[in-house]
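This briefing covers strand pairing, helix placement and aromatic contacts. The sequence and structure come first.

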Amino acid sequence: GFRCYRTNRLINVGDRLSEVRARCGAPDFADSRAEKRKVKLRVRRRDGVWEESLTEEEVVEVSIDEWTYDFGRRKFMRHLHFENGRLVSVATGSYGGREDDDQ
């Protein structure tokens, strides 16, 4: 996670999209998309007295949101990656480009 410079509030992996927006405000850049992924599921099948455990694949759609916060020229940008509305990673970018670095 990281501490949001604008409000000094802590952001953690697992936080909801709405919680991050409430703590840091609107991002300077936001992108959304949907991604299809294969997941493996363990399934039990019963046929009379026989039971077997199988692994099946299923395709699921994952909602991806990527946000960037630019906190100014003297602070590092933060790149946030959300999946299904939950923060899964935070990456530190280069120094920001905003002229107003007191934000």
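How many aromatic pairs does the structure hold? This is a predicted model, and the structure holds five aromatic pairs.

**Aromatic pair F2 and F71**
- F2 and F71 form a tilted pair, with 6.3 Å centre to centre and 50 degrees between the planes.
- F2 sits in strand β1 (residues 2-3) and F71 in the loop between β4 and β5, so the pair links distant parts of the chain, 69 residues apart.
- F2 counts as buried because its relative accessibility is 4%.
- F71 is also buried, at a relative accessible area of 0%.
- Ring pairs join F2 and F71 with W67, Y69 and F82 in a cluster.

**Aromatic pair F76 and Y95**
- F76 and Y95 are stacked, with 4.4 Å centre to centre and 25 degrees between the planes.
- The pair ties together parts 19 residues apart in sequence, because F76 lies in strand β5 and Y95 in strand β6.
- F76 is partly exposed, with a relative accessible area of 33%.
- Y95 counts as partly exposed at 49% relative accessibility.

**Sheet**
- An open sheet is formed by four strands in the order β3-β4-β5-β6, with antiparallel pairing.
- β3 (29-47) and β6 (86-95) are the edge strands, each pairing on one side only.
- From one strand to the next, the twist averages 20 degrees.
- Six bridges connect β4 (residues 50-69) and β5 (residues 76-83) in the antiparallel sense.
- T68 stands opposite H79 in β5.

**Helix**
- Helix α1 (residues 17-24) lies across β4 and β5 and runs at about 20 degrees to β4.

Notes:
Residues are numbered from 1 along each chain as its sequence is written. This is a predicted model: local features need pLDDT of at least 70, side-chain atom pairs count only at pLDDT 80 or more; totals for chains, interfaces and linings use all residues. Side-chain values use heavy atoms; hydrogens and water are left out. Two strands pair if DSSP finds at least two bridges between them. Helices (H or I, at least four residues) and strands (E, at least two) are DSSP runs, numbered from the N terminus. Axes are lines fitted to C-alpha atoms, for helices over the stretch in contact, and angles run from 0 to 180 degrees between N-to-C directions. Contact means heavy atoms within 4.5 Å. Rings of Phe, Tyr and Trp (its six-membered ring) pair if their centres lie within 6.5 Å; planes under 30 degrees apart count as stacked, over 60 as edge-to-face and the rest as tilted. Buried means under 20% relative accessible area, exposed over 50%, partly exposed in between (1.4 Å probe, protein chains only).
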